[in-house]
Amino acid sequence: MSEIRNDGAPASVRVLLAEDQGMVREALAALLGLEGDIDVVAQVGRGDEVVAAAVAHDVQVAVLDIEMPGMTGIEAAALLRKERPQTRVVIATTFGRPGYLRRAMESGADAFLVKDAPAAELAEAIRRVLRGERVIDPALAAAALAEGANPLTARERDVLAAAADGAVNADIARRLHLSEGTVRNYLSMAIQKTEARNRTEAVRIAREKGWL
């Protein structure tokens, strides 16, 4: 719930925006600033800056993009939930993928919206999560149910992500502290589960579905 100011009026909701595209972030801040009960007190362009900014500015709601340098919005949401559980998390992303929705909810996010929704919907989502509600784009919710669970294990996702830049098995093994044989096994399972022909196609499919 919002605090009460000395004059008896409800205090504005203290919001953090995390978005790596400066123009998008500033435009979003300007739109939310038009709401009389929302105050954007902090803005960051990297996922690994989220927790420190939330703590420093006593943020009540963090609005996070998914794809950011340093740390994804989903990873930042999980860390924020651990380090500052009183802060509510709204994921607002361009990528309306069912797999992202499942991962965001598993990370502890309170809301998941796509950026092409009107700014008024984001403002209302901020108010609702502060009241303890969960807000999910209904079309994405239906798609997530139809898609089913992510078939990749956490380790298969790690190995597939490490292979995304074209790294060879030996490099992946060193990076993840695994044997080359284990890396081959994880990649083979990921290719099989995504019904891909090779690791490159497996990466593409997994990304498109929001599994990676």
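Is Arg127 buried or exposed? Arg127 is buried, with a relative accessible area of 18%. Keep that residue in mind as you go through these close-ups of a predicted model.

**View 1. Asp37 and Arg127 meet in a salt bridge.** The side chains of this pair come together at 2.7 Å, N to O. Asp37 sits in the loop between α1 and β2, while Arg127 belongs to helix α5 (residues 119-130), so the bridge links distant parts of the chain, 90 residues apart. Asp37 counts as partly exposed, at 28% relative accessibility, whereas Arg127 is buried.

**View 2. Arg84 reaches Asp58 from another loop.** Here the closest N and O atoms of the salt bridge are 2.7 Å apart. Arg84 lies in the loop between α3 and β4, and Asp58 in the loop between α2 and β3. The two are 26 residues apart, and the pair again links distant parts of the chain. Arg84 counts as buried because its relative accessibility is 9%, under the 20% limit; Asp58, at 43%, is partly exposed.

**View 3. Salt bridges with shared partners form one network.** Glu35, Asp37, Glu124, Arg127, Arg128, Arg131 and Glu133 are joined in this way. The count for the model comes to 16 salt bridges.

**View 4. Arg46 pairs with Asp48.** The closest N and O atoms in this salt bridge are 2.9 Å apart. Both partners are partly exposed: Arg46 has a relative accessibility of 33%, and Asp48 has 38%.

**View 5. Glu19 is a buried acidic residue in a loop.** You will find Glu19 between β1 and α1 (22-33). Its relative accessibility is 4%, so Glu19 counts as buried. Leaving aside neighbours within four places in sequence, Glu19 is in contact with Val24, Arg25, Val44, Gly45, Asp65, Met68 and Lys115.

**View 6. The largest nonpolar core has 27 residues.** Leu16, Val50, Leu64, Ile91 and Phe112 have the most contacts inside this core. At least two core residues come from each of β1 (13-18), β2 (38-44), α2 (50-56), β3 (61-64), α3 (73-83), β4 (88-93) and α4 (98-107). A second, separate core has 20 residues, including Val15, Ala92, Ala111 and Leu113.

**View 7. Ile91 and the residues it touches.** Not counting residues up to four places away in sequence, Ile91 touches Leu64, Ile66, Gly73, Ala77, Ala104, Ala109, Ala111, Phe112 and Leu113. Among these, Leu64 and Phe112 join Ile91 in the list of residues with the most contacts inside the largest core.

Terms used
Residues numbered from 1 in each chain as written. Predicted model: local features only at pLDDT ≥ 70, side-chain atom pairs only at ≥ 80, totals over all residues. Heavy atoms only, no water. Core = buried A, V, L, I, M, F, W, Y, C linked by side-chain atoms within 4.5 Å. Buried < 20%, exposed > 50% of the residue type's maximum accessible area, 1.4 Å probe, protein only. Helix = DSSP H or I, 4+ residues; strand = E, 2+ residues; numbered from the N terminus. Contact = heavy atoms within 4.5 Å. Salt bridge = Lys/Arg side-chain N within 4 Å of Asp/Glu carboxyl O.
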